[in-house]
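Have the viewer open as you read.

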Amino acid sequence: MTVRSLAVVSAGLSQPSSTRLLADQLAAATRDELVRRGEEVELRPVELREHAHDIVNHLLTGFPSESLRQVLDQVTGADGLIAVTPIFNASYNGLFKSFFDLVDAEAVGGRPVLVGATGGTARHSLALEHAVRPMFTYLRAVTVPTAVFAAPEDWSGGAADGALRARIVRAGRELAEQVHRTAPSDGPTDPFALTTSFEQLLGGRDT
Amino acid sequence: MQFGVFTVGDVTVDPTNGREPTEAERIKAMVAIALKAEEVGLDVFATGEHHNPPFVPSSPTTMLGYIAARTERLLLSTATTLITTNDPVKIAEDYAMLQHLADGRVDLMMGRGNTGPVYPWFGQDIRNGIPLAIENYDLLRRLWREDVVDWQGKFRTPLQSFTSTPRPLDDVPPFVWHGSIRSPEIAEQAAYYGDGFFANHIFWPAEHTRRMVGLYRQRFEHYGHGTADQAIVGLGGQVFMRRNSQDAVREFRPYFDNAPVYGHGPSLEEFTAQTPLTVGSPQQVIDRTLGFRDYVGDYQRQLFLLDHAGLPLKTVLEQLDLLGEEVVPVLRKEFDSLRPAHVPLAPTHASLRAAAQRAPQTGGTSTGDLAGAGAEIER
């Protein structure tokens, strides 16, 4: 039995954070479905807030700190990704975008992704479809059909048995199915690997 | 082992007093730094090449020619020569000319340049950076090694029956280093030709340097130029020193915090932990620099960046005094005592000429036995 890894990225800023709460529930639903299918699951929670300074520093210097490099490797080397952001000004928040700006398009191409968001009103819910999903499409990830948005009324109604719960279970099942049928990740790509010989480089010269 | 300084040639406001040097002051300061480097016993001065403000050194051979006339011993080099946007014909001519004027005290470091807008000013496209570096350098080598060149490529007008003049001094082309931060293709290029590889090493984690130098060494051996530990490696380094390390930190911090490259990002403490930047006493610089050998092996050239981020000339010259009097003599002795006999020194004009006289012509495809060439010269 293989161990399937799920990176669970949360861009919530407050503590405790409803964004983290949604991320954890999506992760649990996905894990339960994978376990039902006979897989072992390793969850890799990532709180972007803890790496906020390192993320900005990477944007400025062009390289990650050692701890941020480990986080990036954990995310890009996972079999599946759950990415949850609060909605600010009708889109993902800056921390979420800044983090994924550091992820190479090659690194998550073909990886199953489940997106989720939280917001102060349900009127933000389509930001998942016009902002978050297109970003992962650009990264050539395989985003599952159900994207989960949680508004304040979803929590106050009791997340366990309300409509939110049903969406979480459905989304988790979709991600688990994708992860189950996708080959395990080869791990993060090595940017220093030589992929061509000099004869090929020189040979390309005359063509 | 060779020690020296390399300069970017930036015009930057001194953040401690708001003063910005004029271009004239900055250019003369670069010359003063080169002359001081020779005075304090360093071996190499290398200038950057840039074609956009806030940088002044757009014409490296003009500057290096002037310095050549005012020095006796100093090796003149570049960091880097833009192999992508310069015409290789002009590089061949300019540096052969400089080689004659400087009596062979010349080598070059090739680089691609990472500023997108510069490429179109010279009719090129940054997306072709690697193919330009490959094609242009291959032509440059031929221009220095073949008296008459017929050539056709993708990026430049074809050449028919072209002779680049003057021919290299003593028919020995300048030694070439290839500089790159994280492009494995450039480490491969350096290894293919048996040229030197220079890891920028400043502003970047040591891990980049370790991986790139490791790849270069492995491919150098693959292409039959010698064993991996005989490959010719250079490293950058960035230091700021005062006798008392707390004084160094206090004085350097405003320059660090406002520096164009990393300013307003990581703290000085974070950056010194993450990159080879060393701010402290001469002994700390000695210890840190000796530690470079732990992850790149025995290497041939160490260049320091001292003059940037608006540091005044007087401060830079004080840094050179400390480097020449306290740091480099110790490093020279330590590195020399650690280096095994079969690991060569960096090739020089004299060692390459001696090697060429020893070996029959190889048709211009290889620099020949670098191990033999470098070992010839003792400083």
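Start in chain A of this predicted model, where helix α1 of chain A (residues 18-36) packs against helix α8 of chain A (residues 163-181) at an angle of about 50°, the axes lying 7 Å apart. An angle counts as roughly parallel under 35 degrees and as roughly perpendicular from 65 to 115, so α1(A) and α8(A) end up oblique to each other. As for handedness, α1(A) and α8(A) cross in a right-handed way.

What does the contact itself look like? On the α1(A) side you'll find A:L22, A:Q25, A:L26, A:A29, A:T30, A:E33 and A:L34. They meet a set of residues in α8(A), including A:L164, A:I168, A:V169, A:A171, A:L175, A:A176 and A:V179, along with A:R165, A:R173 and A:H180.

Now over to chain B, which has 13 helices and twelve strands. Its radius of gyration is 20 Å, close to the 21 Å that the globule rule gives for 379 residues, so chain B is as compact as a globular protein of that length. Along its principal axes, the C-alpha trace of chain B spans about 60 × 45 × 35 Å.

How far can you trust chain B? Its mean pLDDT is 94, and 95% of its residues reach 70 or more.

Key:
Residues are numbered from 1 along each chain as its sequence is written. Chains are lettered from A and ligands numbered from 1 in the order in which they are written. This is a predicted model: local features need pLDDT of at least 70, side-chain atom pairs count only at pLDDT 80 or more; totals for chains, interfaces and linings use all residues. Side-chain values use heavy atoms; hydrogens and water are left out. Axes are lines fitted to C-alpha atoms, for helices over the stretch in contact, and angles run from 0 to 180 degrees between N-to-C directions. Helices (H or I, at least four residues) and strands (E, at least two) are DSSP runs, numbered from the N terminus. Angles under 35 degrees count as roughly parallel, over 145 as roughly antiparallel, 65 to 115 as roughly perpendicular and the rest as oblique. A crossing is left-handed if the near helix is turned anticlockwise from the far one by less than a right angle, and right-handed if clockwise. Contact means heavy atoms within 4.5 Å. pLDDT is the predictor's confidence in each residue, from 0 to 100. The radius of gyration is taken over C-alpha atoms; the globule rule is 2.2 Å times the number of residues to the power 0.38.
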